[in-house]
Amino acid sequence: MPKAKPLSESVKKTLREKAKGTMFTAGDLQAVYRRGQGAYLGGGSKRVPMAAWAMGRVNSVVSGKGGGRKADADIVKRARARKKGRKA
């Protein structure tokens, strides 16, 4: 399996901004973004760019709307535990 390319600085900045005021860290959202990229490559719509597909998944997790929180339940669970002061 080829090594993943690093995320661009603009994507990292956007994820940091989205993480502010939420229970998620920028690292959590980077993991969701990467999973979104993988989902796109695994059969996503060819009418939507991969970056948009991945960011849409991030937005779904942050907002709680859509299926993002089900698909990334482990990340959500870890973030909730961290928010409560416990380790996941």
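This is a predicted model: local features need pLDDT of at least 70, side-chain atom pairs count only at pLDDT 80 or more; totals for chains, interfaces and linings use all residues.
**Buried side of α1.** Next I asked which residues of α1 are buried. Helix α1 spans residues 9-19, and V11, L15 and A19 are buried there. I then looked down the helix axis. The buried residues of α1 fall within an arc of 75 degrees, so they line one face of the helix. I noted the general rule beside this. An α-helix has 3.6 residues a turn, so residues three or four places apart point the same way.

**The other side of α1.** I turned to the face directed away from the buried side. E9, S10 and K13 sit on that face, and they are exposed.

**Past the end of α1.** I checked the backbone just after the helix. G21 has a positive phi there, of about 80 degrees.

**D28.** I moved to α2, the helix that holds D28. Is D28 buried or exposed? Its relative accessibility is 4%. Buried means under 20%, so D28 counts as buried. I then listed the contacts of D28, leaving aside neighbours within four places in sequence. They are M23, I75, R78, A79 and R82.

**Confidence.** Last, I looked up pLDDT. The protein averages 89, and 93% of the residues score at least 70. Among the elements, α1 has the highest mean pLDDT, at 97. Helix α4 (residues 68-71) has the lowest, at 85.

Key: Residues are numbered from 1 along each chain as its sequence is written. Side-chain values use heavy atoms; hydrogens and water are left out. Buried means under 20% relative accessible area, exposed over 50%, partly exposed in between (1.4 Å probe, protein chains only). Helices (H or I, at least four residues) and strands (E, at least two) are DSSP runs, numbered from the N terminus. The arc is that of the directions from the helix axis to the C-beta atoms. pLDDT is the predictor's confidence in each residue, from 0 to 100. Contact means heavy atoms within 4.5 Å.
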